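Me: Let's go through the salt bridges and a helix pair in this one. Keep it short, please.

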Amino acid sequence: MDYIYLLLGFVILLYSGDLLVKGGVALASHFKISTLVVGVTVVSFGTSAPELFVSLDAALSGSPDISIGNVVGSNISNIALVLGFTAILLPLPVRSNSIKYDWPVMMGASLLFYIFALNGKLQTIEGIMFIVLLISFMVWTIWNSRRENRNLSEEAKPAKQSIPVAGLLIAASSLGLYFGASLLVGSAKNIAIDFGVSERVIGLTIVAFGTSVPELATSAVAAYKKEMDISIGNIIGSNIFNILGVLGVTSIIKNIRVSAEIISFDALFMLAVSVLLFLLILPLKKGKLHRWKGVLLLSSYLFYVYLVFMK
């Protein structure tokens, strides 16, 4: 039954995250909030909501390795697996802002997480700092976009749902995320015990892959349809939200223990794959994530999973 619960948890998280985005976008449209603000806030939160609920549930249920491993593994998966697989399907153009602004923030957040984790735990004050930085980044992103006159002419799109329906979607998706996270974490812990695999390994691989499914599915479908609006910046933004938002909220509610293995290996691999992405999306003006680069990223993910299970 644990395997059924694991799969069911994945499915509930996937659909609940999608419903949260739809409900949030509809509600924002009714209040005449621009698509720019919606993208930076509602959509970003919606795509990272599975990670948030899973990490929070894991921390509260006494499984810190799943809580931290979910975020670290998801960030590795987003870059190496999602971008790698998508680039193989369709070479991705690189927007200069992804290199100039988004990547440095992601790298800075990743380094800050590593520094905070060196003492073996994330504490409330560090979570507060994460949230303050996340809010500052969101405010700056909106301000900078307006300063550069991007999306200023783009008004809020007409809402597809009424306010009551949008509210119902948000409420239902929140419940779905809660129960999906509970099923996923509980079944993952049981499977780890049955196979004698550590919760760290389960969190870094199976759970992290499951919470990255929305990004993978969306990117793969968009690439198949040859929709060129796939943005590397969206994946980088998701990683920023995972660290500053997910770990920020979770560590404010409950201090999280960080295992020595995550500090000495997994977090370092996350930093390494982030640097690799930077090198692959250069040069600044004509950077492109070609298929061979996608193969390199995907290979690095497979190599990482191999090392995790072999350690």
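Reply: A salt bridge here is a side-chain nitrogen of Lys or Arg within 4 Å of a carboxyl oxygen of Asp or Glu. Mind that the model is predicted: local features need pLDDT of at least 70, side-chain atom pairs count only at pLDDT 80 or more, and totals for chains, interfaces and linings use all residues. Residues are numbered from 1 along each chain as its sequence is written, and side-chain values use heavy atoms, leaving out hydrogens and water.

Me: How many salt bridges does the count come to by this rule?

Reply: One of them pairs Arg 257 with Asp 65, their closest N and O atoms being 4.0 Å apart. Asp 266 and Arg 200 also meet through their side chains, at 2.8 Å from N to O. By this rule the count comes to two.

Me: Is Asp 266 buried or exposed?

Reply: The cut-offs are under 20% relative accessible area for buried and over 50% for exposed, with partly exposed in between (1.4 Å probe, protein chains only). Asp 266 has 0% relative accessibility, so it counts as buried.

Me: Are H3 and H9 roughly parallel or roughly antiparallel?

Reply: Helices are DSSP runs of H or I, at least four residues, numbered from the N terminus. Axes are lines fitted to C-alpha atoms over the stretch in contact (heavy atoms within 4.5 Å), with angles from 0 to 180 degrees between N-to-C directions. The axes of H3 (residues 64-89) and H9 (residues 260-280) come within 10 Å and cross at roughly 25°. Angles under 35 degrees count as roughly parallel and over 145 as roughly antiparallel, so H3 and H9 are roughly parallel.

Definitions and conventions. Helix = DSSP H or I, 4+ residues; strand = E, 2+ residues; numbered from the N terminus. Parallel < 35°, antiparallel > 145°, perpendicular 65-115°, else oblique.
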